[in-house]
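Here are some exercises to work through with the structure open beside you. Try each task on your own before reading its solution.

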Amino acid sequence: MHLAGQFVRRILQGVVVVLITTFLIFSILRIVPGDPVRLIVGGMAPDNLVEEIAQKMGLRDPIPVQFGRYLSQVVQGDLGNSYQRPKNGMMGQGGDFNANMDVEMAEVSDLILERLPYTLQLAGLALLISLIISFPLGISAGLKPKGFISKIAFFISSVFVSIPNFWLGIVLALFITIKLGLLPSIGYQNFAYTILPAIVLAVETCPFIIRTISVSFAEISQEYFIKSGKVRGLTRNGVIYRHTLRNASIPLLNLLGIQLSTLLGGVIVVEYIFDYPGLGQLTIYAVLQRDFPLIQGIAMVTSALYVGLNIAVDLITYSIDPRLES
Amino acid sequence: MSNLLSVEDLSLKDRSTSNNVLRNVSFNLREKEILGVVGESGSGKTLLSQAIVNWLPENLVISSGEINFLGKKMSAMSENELEKEIRGKEIAYIGPNAINSLDPTYSVGAQLLEKAVSIDKGNTSKEILKQKVISLLDDVLIPSPEKRFYEYPSQYSGGMMQRAMIVDALLSSPKLLVADNITMPLDVTVAAQIIKLMRVLRDKFNTTIIFSSSSLPIVREISDNLIIMKNGSIEEQNSTNEITSNPKSEHTKELIKNTPKIWSENINFQNIETKPILSIKNFSKSYKVRDKNKFNSFYEVKAVRDFSIDVYEGENLGIIGESGCGKSTLSRLISLLERSDTGTITFNGEDLSDLNKDKIKNFRQSLQLILQDPYNSLPSRQTIGRIISEGLLIHSQLSKMEIKEKVLSIMSEVGIDQNEYNKLLVGKSGSFRQRVSIARALILEPKVIILDETLSSLDQKEQEMLLSLFSDIQAKRNLTYIFISHDLAMVRKSCNRIAVMYMGRIVELAKNEILFDKCGHPYTRTLLCTIPTLDKNPYDKNLYLMDGEPPDPTEIGTECSFKSRCPHFKNNKKGSTDMGLIEIQSGHWVDKCGVDCGR
Ligand SMILES: Nc1ncnc2c1ncn2[C@@H]1O[C@H](COP(=O)(O)OP(=O)(O)OP(=O)(O)O)[C@@H](O)[C@H]1O
Ligand code: SF4
Ligand SMILES: [Mg+2]
């Protein structure tokens with residue numbers, strides 16, 4: 001009924017957002033200097049050959065025309081092929097003239113699907129760690145804003161906020177992997193390789209989550225329907241679990257929806273530092289190699305993820321608080 | 001009979017300031033008694049109630065005395081015992097803040113059930129407890145309780161929430177029910193229904209009740225015995241009859257003297273049938289509201305329906321009605337802050353419907369609207385002088401000096417000291433702020449002032465003072481007032497003519513004395529019978545007070561909109577059609593009524 005209508009509307013809005021993002025990325029890639037064809041054919045190739053190939057690839061057409069062509073491909077489920085990555089996984093060397101013109105190029109969707117699970121695993125673990133740290137701290141700080149735990153929570157948040165993620169990544173890798181040999185960190189062989197990068201990401205998101213939880217808990221605790229629970233004859237814990245937590249989770253869910261973008265930004269840096277084979281690392285190489293289809297595909301997938309998550313957050317908050325649904 | 005509760009020499013202290021906020025309060029309460037507690041705002045009614053349920057604000061402590069419940073000292077009970085046996089169990093509490101008492105994210109039923117389960121500790125099945133909740137909802141006269149069970153707090157009206165909170169209190173079958181100011185936020189008709197309900201419930205469930213309110217007439221109606229409080233201590237206690245007929249303390253005498261009389265006091269208004277200064281014909285206004293249950297569809301709320309009235313120069317016209325009847329929409333329409341969908345408005349013989357800019361500008365000066373809320377309707381960062389001069393700065397070409405002179409003279413006219421000219425409003429009382437609003441309106445030398453609930457947030461004394469200020473100004477300036485209000489006692493004192501509004505329409509219009517003594521419409525009788533007063537009300541509640549609340553404004557059809565609450569309506573009839581006013585006597589207009597409804 002109404003919720004379904006709302007849902008359809010949000011999805012349509014989401015599609016528009018994804019399209020706009022993709023178009024922006026698409027245009028910027030083509031406006032800023034740096035010709036992918038030069039990288040494809042190699043530094044030694046003559047200029048007229050570069051021009052010829054660029055024309056053949058359609059890169060000299062007006063941007064809207066190119067974008068239209070790209071979209072018509074995308075709606076058929078085809079994100080295109082990478083400019084640089086061959087199907088067999090071997091990378092051509094930039095200097096070899098025409099080295100990879102006759103090799104079959106990997107499909108962008110395959111590249112993304114192959115990397116996405118690693119990134120999701122990393123982000124999921126990071127989120128889990130930060131929730132495990134933030135929940136007890138945030139809740140106790142929110143329930144007793146002047147208490148001892150509140151001070152600890154504030155201290156931890158301040159420290160975490162001021163640690164740069166690349167620095168922490170390097171220090172952890174040096175200390176825990178190399179000095180102590182406790183956890184592996186560079187590359188990926190098994191799940192253990194996710195832990196250190198996840199900790200770095202968690203440290204980055206923790207302060208926001210702690211703050212949101214403690215502020216919304218403190219606010220909700222002041223509501224009359226919470227304060228009067230005692231005189232209605234409900235138990236203190238019952239009120240906290242069933243009412244304070246539930247109401248306070250709405251701002252938290254909204255924050256998580258928004259925090260995803262911060263998390264994605266962090267993922268790029270952290271994956272690069274730890275040489276972790278996720279989407280972030282793929283992005284960096286794609287940008288360095290000016291691999292247009294790959295960059296576009298990643299942009300589209302991540303913005304779709306972002307939009308989808310926010311729709312999910314909204315639907316969940318609506319189902320918690322029916323008043324929001326308007 | 002034995003004492004259920006005895007309070008001995010109870011004092012409460014504020015820990016941070018060491019002030020005693022409640023001093024040496026002692027009384028006994030027998031089983032099944034209803035004890036009324038009356039006192040002005042701040043006299044300690046809430047603190048006493050909260051002390052009895054053991055739910056005091058953290059900074060307050062009992063500094064002396066004892067509360068004994070069923071012969072047991074409460075101070076000797078552990079917090080655990082209090083939580084398990086007393087608070088919300090044997091002693092239940094309901095306060096004025098019903099509308100915020102439940103979690104907005106769960107249905108009302110779910111939360112009442114939550115309490116039932118927590119009291120029952122798993123002895124009874126959930127299904128049986130749910131039936132219990134529903135049957136209690138039925139007992140407090142919530143319509144279609146099976147359906148309402150699943151609705152959310154935001155879907156309940158204030159009156160229904162208060163009923164739901166009564167259910168919440170009754171779930172534990174408490175021996176003692178402490179009802180603190182529970183009618184405060186409610187409309188008179190709804191408040192009267194709640195009081196009637198409390199009495200029925202007392203008889204049905206054998207509950208002892210402590211009922212506090214600042215209104216003596218309200219408390220008198222329900223209580224067997226009375227306590228009069230002032231500044232945290234008891235002034236006088238006795239049986240209700242004895243106190244109201246034979247008060248001993250000066251304070252009580254004063255209180256009784258200041259309680260508005262409705263019928264026993266003579267009113268005398270001159271007959272004002274001059275030329276109409278403002279004449280409104282067939283105003284209607286509907287709003288489109290998004291339908292929450294359907295995608296992309298709207299329904300119509302008819303806020304004002306076919307409203308016509310002539311306002312005579314120099315008169316005080318009262319427009320009364322319950323909340324939601326369209327009073328504020330009407331005041332916005334009359335002051336042209338909003339356009340009506342249909343109808344015409346004529347001011348001083350000039351038709352304003354053509355929206356001529358100059359005419360409207362002129363009209364905006366001549367008709368001023370003063371709003372209810374003295375706290376949010378004035379800018380807080382401007383000096384009082386600046387606030388008052390606002391209109392002149394926009395509308396006139398006077399020099400700064402001339403403006404200041406004018407402001408100062410108006411200030412003294414409304415009783416504001418000239419020293420306040422350069423001060424801010426911070427910390428000023430409600431009545432002071434309303435004086436500033438009045439000065440701000442008067443500076444433009446209006447002909448008509450609309451007072452939309454202007455006095456409702458003020459206490460009795462402040463109201464009295466402002467009313468006499470109004471009549472002084474009126475005498476000097478030949479002003480016309482339109483009082484829009486739900487307060488019948490205030491309108492009785494101040495208005496020569498009164499229009500009664502229900503669901504956006506006028507159902508009756510008459511001179512003050514005719515309306516109060518010989519009203520013609522069933523709704524007017526319902527309103528009048530609910531006025532809390534110490535004199536004898538000629539309209540009997542048992543005959544005219546019906547249960548139920550105004551219908552959903554979206555569901556108004558062409559039939560009489562009062563039929564759902566009208567004592568004359570016979571169920572097998574279809575109901576009359578709203579026909580419009582008929583003049584049954586010179587100047588006494590009543591909605592055509594009782595045609596097809598069985599009356
Ligand atoms: N937590 C508190 N700490 C200190 N003083 C308080 C506290 N609560 C109330 N008071 C003071 O105690 C006095 C009595 O307050 P109380 O709320 O009992 O009045 P009331 O009779 O219920 O008034 P109302 O009719 O406005 O509800 C007031 O002077 C108030 O300012
Ligand atoms: S028309 Fe009938 S139902 Fe309506 S108010 Fe009059 S008597 Fe009552
Ligand atoms: Mg109170």
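This is a predicted model: local features need pLDDT of at least 70, side-chain atom pairs count only at pLDDT 80 or more; totals for chains, interfaces and linings use all residues.

**Exercise 1. Describe the interface between chain A and chain B: how many residues are in contact, and how much area is buried?**

Step 1. Start with the contacts: chain A brings 25 residues, and these touch 29 residues of chain B.

Step 2. Turn to the area. The two chains bury about 2,600 Å² between them, and carbon and sulfur atoms hold 56% of that area.

**Exercise 2. Find the polar links across the interface, then say which elements of chain A take part in the contact surface.**

Step 1. Count the salt bridges between chain A and chain B: there are two.

Step 2. Look at one of them. The side chain of A:Arg242 meets that of B:Glu114, with 2.8 Å from N to O. A salt bridge needs such a nitrogen within 4 Å of a carboxyl oxygen, so this pair qualifies.

Step 3. Assign the chain A side to its elements. Those giving two or more residues are helix 1 (2-31), helix 9 (224-227), helix 10 (229-232) and helix 11 (236-274) of chain A.

Step 4. Sort that side by class: seven residues are nonpolar, nine are polar and nine are charged.

**Exercise 3. Which residues come nearest to ligand 1, and which polar atoms does ligand 1 meet?**

Step 1. List the neighbours. Of 14 residues around ligand 1, the nearest are B:Ser41, B:Gly42, B:Lys45, B:Thr46 and B:Asn59.

Step 2. Check the oxygen atoms of the ligand. One lies 2.5 Å from a side-chain N or O atom of B:Thr46, and an oxygen is also 2.9 Å from a polar backbone atom of B:Leu47.

Step 3. Check nitrogen: a nitrogen atom of ligand 1 is 2.8 Å from an N or O atom in the side chain of B:Asn59.

Step 4. Work out the cover. Ligand 1 alone exposes 640 Å², of which the protein buries 65%.

Step 5. By class, the shell has four nonpolar, seven polar and three charged residues.

**Exercise 4. What surrounds ligand 2?**

Step 1. There are 13 residues around ligand 2, and B:Cys560, B:Cys566, B:Cys593, B:Gly594 and B:Cys597 are the closest.

Step 2. The shell around ligand 2 divides into seven nonpolar, four polar and two charged residues.

Notes:
Residues are numbered from 1 along each chain as its sequence is written. Chains are lettered from A and ligands numbered from 1 in the order in which they are written. Side-chain values use heavy atoms; hydrogens and water are left out. Contact means heavy atoms within 4.5 Å. Buried area is the accessible area (1.4 Å probe) that two parts lose on being put together, summed over both. A polar contact is a pair of N or O atoms within 3.5 Å; within protein, one must be able to donate a hydrogen and the other to accept it, and residues adjacent in sequence count only if both atoms are side-chain atoms. Helices (H or I, at least four residues) and strands (E, at least two) are DSSP runs, numbered from the N terminus. Ala, Val, Leu, Ile, Met, Phe, Trp, Tyr, Cys and Pro count as nonpolar, Asp, Glu, Lys and Arg as charged, and the others, Gly among them, as polar. A residue is near a molecule or strand if one of its heavy atoms lies within 4 Å of it. Accessible areas come from the Shrake-Rupley method with a 1.4 Å probe; for residues, only the protein chains shown count as cover.
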